[in-house]
Amino acid sequence: MYNFTGELEGQTKENEDVQQLKRQLEEQKLKNSMLEKKLYEYKKKQTRVATYKTESEFNPTNFEDINSLSVPAWEQDYSKVYKRMVELNQQGITNLHDYFDQHPKEFFALIKQVQVTRCNHAADKLLNNRKISTLFDLFHPSGYKCIIETLETIQRHEKELITELPVIKSNGESVYCLMKWISHENHLKSYSNVHISLFDISDRYQVENQLRETNRRLSTLLGNLHGIVYQCCLDTHYTMLFLSKMVYSITGYQAGELLMNRDLAFINLIVPEDLPSIQKQLEQAVLNKERFTLEYRIKTKSGEEKWVWEQGIGIPNQDGVIDTLEGFMVDITDRKKAQLKLQNEQLHLQTVFETIPDLIWLKDPQGTYLNCNYQFEQFIGAKEEDIIGKTDYDFENKTQADWFNKNDLAAIQANQSNTNLEWVTFASDGHQALLETVKTPMFDSNGELVGVLGIARDVTKSKQNEKELKERKNWYKTIFNNTGTATCILNEKHEIVQMNDIFKKLSGFTQFDLDNKIQWMDFVSPQDLPRMIQYDKERRSPGENPPRQYDCTLISKQGTHHHVVISIDMIPGTTMSVASLLDITLRTKALQELKQSQEKYQNLVESINDIIYELDDAWNFSYISPSVEAITGYSPDFYLGKHFMSVVSPSDVSRMRKEFDQFLNSPDSTPFEFQPNTKNNQTVWLRISVHPKVNRGAISGLRGIASDITKQKAIEAELIQAKEKAEQANELKSAFLSIISHELRTPLNAIIGFSQLMDDSISKKDLLDMSKIIFDSGNHLLSLIESILNLTMLQSKQARIKAETFCFDDLLKNLRFFLEGELQKNGNKKLCTIFPLPDTNHKIELYTDKTKLIQLLSNLLSNAVKYSDEGVIEFSYRLKGSTITFAVKDEGIGIPLDMQELIFERFRQVDNSNTRKYSGVGLGLAICKEIAGLLNGNVWVESVEGKGSTFYFELPQAAKTRKIN
């Protein structure tokens, strides 16, 4: 088995950098620990020094007590400062830092008022016996804030203050001191006796500075590490106590999100499948008190999966028990990906090496085998482990082994690949094969010879294929010359490289022309040349799909034109194309003659307005002439393949099926009439003739002609309608004569009859009654004649509109008086009325023909009274913009639904019989309708038979309303 080894590039260097940073980190941590220990000792020492005497032991009024101190001490008078602090308190100023920042001159003037009353020997030594007016002359300017603290102590009435500040010695040296400031309790109200002592803490201050610098370096070092420095508890959650800033760039979490957080501990980031192995390794490392190294996967905040490398160690507590882990983590995701890629490449290469059908082996310069693959094992007849370390002489006879060694040496001496053919016998199954062997010398990176790499390919089948290819070439040549069509092969330069004898005969070209590289474009007609050049270009372009067969005109060398069909395609795996040409000149001529005949027939069919059609044996359309589109709106393609009955209007399908069945039982040329479906849903009538197509005594289809008889049908319908109207007019005439004779005879009979009875024998009272009857009958007769005359004028368009502007309230008064008069004339006391009151807030004016409007509304009110025996008659109106709508509602006899349109026609009544209850000739509503049309309005009725009616009249663009002030 061939052995592949390799290391990830840069991995060693990365590990060295990490180790170096870790060493620096350990050194800084050790240095930091030492400084913290030293600082602790200094603080402990300063605490002991600061607690020199208690307040009860120390008497600031006794100078000897001050002198007994080993540290510099002074007594000072702050009484003037105290007074200013009291004033500031009264002014509400408590933030002295801000105040004196804004008033620096006042600050310096104030501290100069602090007087030194006495000092001890240590203070003189510090000052080198130099006299100072105020102790603040000693303080370094950077101690400004500490001086403000003493003033704040006085402002708060506190007794003492301990603070730290820099002091300038007499030699100019700056030292850092601990200042203890104490006011004597007897002087607390004036701060006239304040004791101040200084303790030199410069060494401690220097250690603190060194500690801060060490911490800064430690922080910088952690920031420069390309990984996470951590400290965590050795508990079930590995609770984090410290995490360096790099935790964000690796995990996406800020350190604060993971520190001391058991709900979101670092252990929650670890991929669950990796956790058992991590816990096992940690337990073992803690048990053995040794370092641990881990590699595992984590899930970042964004859900990305990363690989980390971790190294750490357990830290024991004061009892020697390990309860803390400290360590370092590095993102090794890229390294893991590279490692996985290398493993896959190695596996791929190993797979190729093992599965390649060639024999592969490697020998050293002495001919000893170093490696080989499975195919070589089959040749030798032994396993790889049995071959490595041996030579050809261990497996082959001396002659064969010498031959192999000779070829190896030839490749080494030539310093290049050496190829040879050799017949060999495979030891595994004894079969023989012809191998093409390539032997190449191999060198290492220093140019030293490693050995000879051998690759042998079995070319037995290739040689056999070469032989078969030669035979097939002869076969193809024979087929090429005997295809029965003119055949040629073309290259990418449009040159004919080969042609058979039929092609030579068709084109007139010879072998000499072929040798001179003739092009196929030389014998194509100019009309076809651009198209064929485009086809050739597409044929040689990927993704294009030009036609493989088309016709063109070929011009022979002698100038003869041949109409040919070309079948052409690319030869797979080459830039050549093969074309086969079939001469169809005679057939084309016959087709042209047939086409001319068809065109002549088609023109004849298309010039006929009628539709010519054919049905197959399933009664589906197989042909229909173009004239069908002009009649039905559908193109001929719409009908092809559809069943005849599917194009018949649903209203005629049942009848047509019956007539069709009768025709099939006794075929004759009886025409059918039906309505076809049309594209725009217009009504069309067709009359079709049907003639069966008979094949072998059976009907194989139908053919016929369909004529458009829509106009004829329309004329028939008009005649029928005219006839119906004439009959209706005759009926109306009879009804009119009947009604008019009744309506005329009744008043005339009264006039004639009572006129004959009037003589001297009649009493005056009876004479007056008869006169009244004659008078009423005459008025009734006059009203009847006026109605007929009005309707005649309106229908003949002789009536004219006399528009005027008038007050709506006047119209209401006229209509109310008219209605009251009708009720009085009727004498029916069971009727009551509802009439609208005038609008006192608005004035309504109408612009229209007042006379015709009153005539229309009076007719509606008169009918309401006439056809109501009891109930309420209501007159109302509704304004909407400039449109006014009137309504007359009654609770009379009502109108049947089927009569609600007819009653607006002449001489129409709900009851036209001679025995009708209500008189009249049926002209009132007809006059209303004509007037409504004349006024550009609309009149209609809503009624329920037996419950009453409401008549509406809408008058647009006539009303104008204005508010009354």
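Predicted model: local features only at pLDDT ≥ 70, side-chain atom pairs only at ≥ 80, totals over all residues.
For the protein I noted an average pLDDT of 80, with 81% of the residues scoring at least 70.

I next looked up methionine 85, which I located in helix 3 (residues 79-90). Is methionine 85 buried or exposed? I recorded methionine 85 as buried, because its relative accessibility is 0%, and buried means under 20%. Setting aside neighbours within four places in sequence, I listed the contacts of methionine 85 as Leu96, Phe100, Leu110, Leu151, Ile154 and Gln155. I also checked methionine 85 against threonine 153: 68 residues separate the two in sequence, and their C-alpha atoms lie 9.9 Å apart.

I traced five strands in an open sheet, in the order 17-16-20-19-18, with antiparallel pairing. At its edges I found strand 17 (496-499) and strand 18 (549-555), each pairing on one side only. From one strand to the next, I noted a twist averaging 30 degrees.

Within this sheet I followed strand 16 (residues 486-490), which pairs with strand 20 (residues 577-583) in the antiparallel sense over five bridges. Which residue of strand 20 is the bridge partner of threonine 487? I identified serine 580 as that partner.

Last, I examined helix 19 (residues 529-539), which lies across strand 18 and strand 19 (561-570). Helix 19 runs at about 135 degrees to strand 18.

Definitions and conventions. Residues numbered from 1 in each chain as written. Heavy atoms only, no water. Helix = DSSP H or I, 4+ residues; strand = E, 2+ residues; numbered from the N terminus. Buried < 20%, exposed > 50% of the residue type's maximum accessible area, 1.4 Å probe, protein only. Contact = heavy atoms within 4.5 Å. pLDDT = per-residue confidence, 0-100. Pairing = 2+ DSSP bridges. Axes fitted to C-alpha atoms, helices over the stretch in contact; angles between N-to-C directions.
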